[in-house]
Amino acid sequence: MNTRLSYIDIAKGLLILMVVFLHVGYYPTSEWGGVNRVFELGMNTIGYLFIPFFMAAFFILSGFCSDAGKKRSVEETIKKGIIKLLVPMILLKFDHDQWFCWAMFFALIFDCLIELIKNKFWRIVVLAALPVVATFCNSRGWDYTYLDYAMVFTPFLYIGRHFKQIGSNNKVGVVCAIVYCACILGWFFLFRGPAPRISGNAYFVTVPQLPVFFILSTSGTSALMLVSRWIAKNKVLEYIGRNSLVYFLFHFNVLYIAKPFISKLTELDGNYAVSALLYLLLFAVTLAVCTVVSKLLNHYLPWLVNKQRWVQEHY
C-alpha cells in the first residue's frame, strides 16, 4: 500500500516560495538594470540564505521519491522526461527555455546510465567525477544545452535516494541545520561574500568550491525536510508542492508581463516602506496568478500537469 508523503509536498512548496521570492527581487534589479535597495535586499540578503541549497534540493527530493529498486531503461527515462519536463516547459514558459528543466532531463538520463554500472565503487567514482568535469566545462564556456548543470546536479539524485534512511530523522535535521548556518556564516566572514551557489546563468561553482557546495546542499535540504515535517500539514504548501512545475515555469511569465509596472518600482528607491510593501504584493500576486493557472490546467488540461505522486512504500 502506498501513502502520500505530505511533508515532501510541503518541502517542494517551500522551495517554490523561495524561487518566486528570489526572482521578484532579481528581475527588477539584476536582469532589467533597475535600482531599488529593498528589492536588492530581498535578493542579496534574504535570498542568499537559501540560494546555496534550494536548486540542488529539487534534485535531492526527486531522488528521495524515486524507486531505487526499479530498473529503468534509458528509452523510458527519455520518454518520461520529454512528457513530464520538456513539453510543459515549451507550453508553459513563453521563451521555451529553462535551464532547470534541461538540467533535470539530462541528469535523469545520466543517473539512469550510471545505475547500469554494477560495481558500486566505480559508480561513485563516476558520480564524483561528473561535477569536476562540469565545472571545467563551465569555466571554458562549454555549456551546451546545460549539460554542465546536469552533470553537477546528477549526484544529488543518488544522494536523494540515500536520504530515505536519514530524511525522517529529526536529530539529523537539527544537526544539518546547524552545519548549514555555520557554513553560511563562516564563508561570509572568511570571504566577505555569499556562499558557493548555482543559480541559472548567473552563478556557477568552481572546483575548489564543490565540497562546500555539496555540504551546503545536503545539509540545507535536510534542514528543509525537518521544517516541512514540523509543519506536517498545510493545504496551501501541499497544493503548491503538488503543482510545483506549473508554479516554477509560469511565474516567469507573470513577472515578464508585469515588467512595465515592475520597472517603475525602481523609481521608489528612497521609499523603503512602500518598496517593501510592493515587493510582498508582487510576490503574492505572482503566486495567486500561478494558482489560477494551475487550477485551470488541472481542470481542463490534466495531461499537461503531470503531477508527480510522491509516495513511500511500506516496508
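Is Asp 111 buried or exposed, and what is its relative accessible area? The exercises below work towards the answer.

**Before starting**

This is a predicted model, in which local features need pLDDT of at least 70, side-chain atom pairs count only at pLDDT 80 or more, and totals for chains, interfaces and linings use all residues. Residues are numbered from 1 along each chain as its sequence is written, and side-chain values use heavy atoms, with hydrogens and water left out.

**Exercise 1. Describe the salt bridges of Arg 161 and the surroundings of the residues that take part.**

Step 1. Begin with the rule: a salt bridge is a side-chain nitrogen of Lys or Arg within 4 Å of a carboxyl oxygen of Asp or Glu. Side chains of opposite charge can pair when their charged atoms come close. By this rule the count comes to three salt bridges.

Step 2. Asp 111 forms a salt bridge with Arg 161, and the closest N and O atoms of this pair are 3.0 Å apart. Because Asp 111 lies in helix α5 (residues 99-114) and Arg 161 in helix α7 (residues 147-166), the pair ties together parts that are 50 residues apart in sequence. Helices here are DSSP runs of H or I with at least four residues, numbered from the N terminus.

Step 3. Glu 115 also forms a salt bridge with Arg 161, with the closest N and O atoms 3.0 Å apart. Glu 115 lies in the loop between α5 and α6 (120-139), so its pairing with Arg 161 in helix α7 ties together parts that are 46 residues apart in sequence.

Step 4. For the surroundings, buried means under 20% relative accessible area, exposed over 50%, and partly exposed in between (1.4 Å probe, protein chains only). Asp 111, with a relative accessible area of 2%, is buried, and Arg 161 counts as buried at 9%, whereas Glu 115 is partly exposed at 28%.

**Exercise 2. Find the salt bridge of Lys 80 and say how far apart its two residues are in the helix.**

Step 1. The partner of Lys 80 is Glu 76, and the closest N and O atoms are 3.1 Å apart.

Step 2. Lys 80 and Glu 76 are four residues apart in helix α4, which means that about one helical turn separates them.

Step 3. Lys 80 is partly exposed, with a relative accessible area of 38%, and Glu 76 is partly exposed as well, with 28%.

**Exercise 3. Classify the packing of helix α4 against helix α11.**

Step 1. Helix α4 (residues 74-92) and helix α11 (residues 244-257) pack at an angle of about 25°, and their axes are 10 Å apart. Axes are lines fitted to C-alpha atoms, for helices over the stretch in contact, and angles run from 0 to 180 degrees between N-to-C directions.

Step 2. That angle makes α4 roughly parallel to α11, since angles under 35 degrees count as roughly parallel, over 145 as roughly antiparallel, 65 to 115 as roughly perpendicular and the rest as oblique.

Step 3. Contact means heavy atoms within 4.5 Å. Lys 84, Pro 88, Met 89 and Leu 92 in α4 meet Leu 245, Val 246, Leu 249, Phe 250 and Asn 253 in α11.
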